[in-house]
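Subject: Structure for your review

Dear colleague,

Please find below the structure I am handing over to you. My findings follow it, grouped by region.

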Amino acid sequence: MDSSDDDMPLIMRHVPKTANGNGNAKVEAKSSGTATAVLERPAVVKSEPPVKPPAARPVPAKAPAPKPAAPKPAAPRKKAPAKKAAPAKKRAAPAKVSARKATKRAKKESASGKGVQKWTTLKHNGVQFPPEYVPHGVKMLYDGKPVELTVDQEEVATMFAVMKETEYMNKPVFLKNFWAGFKDVLGKDHVIKSLDKCDFTPMYDYHMALREAKKEITKEEKIRAKEERDAIDAKYKIAIVSGKEEPVGNYKVEPPGLFRGWLATTKWSPLACSVAEVGNYKVEPPGLFRGRGEHPKMGVIKRRVYPKDVVINIGKNEPIPEHPYPGQTWKHVKHDDTVTWLAYWKDTVSARDYKYVFLGATSTFKADSDLAKYEKARKLKDLIGDIRKNYEADWDAPSIKTQQMGTALYFIDKLALRAGHEKDEDEADTVDNVEIVPPSSIKFDFLGKDSMRYENTVEVHPKVYKNMEKFKRMDARGKRKVAGDMIFDEFNATNLNEVLKDIMDGLSVKVFRTYNASIALDKLLRDFEASSRAVSVDEKKVDYDKANKEVAILCNHQRSVPKAHQVQMEKMKEKLALLNVELTEILDDLKESKKGRPGKDGKLVDASTLEARAQRKKDQVAKMELVMGAKEDLSTVALGTSKINYMDPRITVAWCKRNEVPIEKVFNKSLLSKFLWAMDTEPDFVW
């Protein structure tokens, strides 16, 4: 394998300044909007007595359900100018998981999967709805006086109250969006007219008291409660596909709550599912999500979703799944054997997004899809030389559009940038500023996906620099551009992906990110193997994390320093100090033992025994120092995203085998299940 830097993205040679800062039904969409609608309540089956009922209100048998909206059919692609044809490759059906991604996946399935049968029989139990809200009757204050609220109003007020001591109380966008939604729930004639005069302290205190009370629950009670929950959940975890059991991804419907940014704290990632155990599927308590960045829809109320909102896909002769709302029917029941989703509904925060339930990460469909994805990126490696020659030739093309696309592809290839799209006003920004820095550098400073800042200055090819100067100065018709105009104004990401598909079937901008992440990981790990002095498993794990970190930086998988980080570091420092004290005491006893005298405890211990103790303690000190250094080094980087989505797991498996590092040191339980298909990779695997 060529060890030169020619295949490496620029960012691996020019490390950027880092700013401080998946199908699944349960993942929060990355879109936005302002205030949102009044919560609807369905007919009831059983009543669930409230703790302190303020006003009578029926409670359904189990829980409410989400709202669907049929996904729009995929729009026909416009044909973009063709590039050099490369060997055609078959595309595997995608199997992603997350609100916007799931929507795209379903569109692709319906557009490209027509006529391609994915299963012969499909049986499942639908989706699980969260329990109805149980009113507590604690009154909030308005202008210092207690206020009567309906059950719906109390529910929304409680969502806000529990966040009283969080950073969101200082975010104007969050407050504005919440107030707009709360006003809709209150109605025009309500006494509450301003958020400034509202005091949610009584509700907050009630919530904190409940939290403290939960801490008093005995271990036996917790075990019993978990067993009861598991028994209820069990039927939703498995689908029977073509006669085979497959794990389901996110089968729970989110309860209403405040939208606070990127992925909800919900622990419902389909990426953590397996037949034996679904790792992340629990619905977050309303209001506890801590999002990333400054999403324009933070604070928006997520409406409750019901069966009448949900579209079900199931085999023709299978029983229709039941739900806990008498009088309601599913929005629609489909029998489409050309798609792999089990259910979907319209996202209640973003009008453009849908939530999907797919089979879990360990399902056959997902494993096949993952393998196809990484093989596609591997095939790009064989074509990358010709692709680079093509886009370099495009820099001098007669057409400004072709010049722009060639220049953009250079950045996508060399910096692993995503292709941005124009955003609606209520969507999180992904563009801010690109600056020309003489004599030959470009400075990027913008908000990327999930409003995470990307800041990087790189030296570029002279022709790229010249083109960027031109694109920033004037448009294709020679009209001078002003601040705020698009630099690449002659095409969009769809046009670019059409051109890429002419080069290689299934090639897209995202494939470049997978390619860059995987080839960078492979090269970095091999470089560490050749130069590192790591001997112990822990030292080798640090090398792996360093390589993972570089890939995360490459993909701009940044995060703010976690709030608990400093506290954790202080605890580790205390533990390290204690280990050093213990080591000193052992060494002192060793000196005394060599002189034939007893140690501090009055006992005479053999010197060889003390030497062995001292060595063990030194090892503990060294390990603690290693762990602390790594934790500090990785505090602003999210390693998981690139590991889950972009780095070919076969590279990691092969590295672990070559270096005798247990795979459990690198992949957690959910990743071990997700990437089971990669575990037979040979140590000499070359990406």
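Predicted model: local features only at pLDDT ≥ 70, side-chain atom pairs only at ≥ 80, totals over all residues.

Between β14 (residues 441-447) and β15, the antiparallel pairing extends over 7 bridges. Within it, I442 stands opposite V458 in β15.

Helices

Two packed helices are described by the angle between their axes and the distance between the axes. For helix α11 (residues 537-554) and helix α13 (residues 607-633), the axes come within 10 Å and cross at roughly 5°. The cut-off for roughly parallel is an angle under 35 degrees, and α11 is therefore roughly parallel to α13. On the α11 side, the contact is made by D538, E539, V542 and K549; on the α13 side, by K623, L626, A630 and D633. Sorted by class, this contact of α11 with α13 has 5 charged residues, 3 nonpolar and no polar ones.

Helix α2 (residues 151-161) is largely enclosed by the rest of the structure, because 11 of its 11 residues are buried. Among them are the charged residues D152, E154 and E155, as well as M159 and F160.

Aromatic pairs

The count of aromatic pairs comes to 28. In one of them, the ring centres of Y168 and F174 are 5.2 Å apart and the planes stand at 40°, so the pair is tilted. Y168 counts as buried at 1% relative accessibility, and F174 counts as buried at 0%. Y344 and Y354 form an edge-to-face pair, with 5.9 Å from centre to centre and 85° between the planes. This pair links distant parts of the chain, 10 residues apart: Y344 is in strand β11 (residues 343-346) and Y354 in strand β12 (residues 354-357). Both Y344 and Y354 are buried.

Finally, ring pairs join F160, Y168, F174, F178, W179, F182 and F200 into a cluster. One of these residues, F160, also belongs to the buried helix α2 described above.

With kind regards

Conventions
Residues numbered from 1 in each chain as written. Heavy atoms only, no water. Pairing = 2+ DSSP bridges. Helix = DSSP H or I, 4+ residues; strand = E, 2+ residues; numbered from the N terminus. Axes fitted to C-alpha atoms, helices over the stretch in contact; angles between N-to-C directions. Parallel < 35°, antiparallel > 145°, perpendicular 65-115°, else oblique. Contact = heavy atoms within 4.5 Å. Buried < 20%, exposed > 50% of the residue type's maximum accessible area, 1.4 Å probe, protein only. Phe/Tyr/Trp six-rings, centres within 6.5 Å; stacked < 30°, edge-to-face > 60°.
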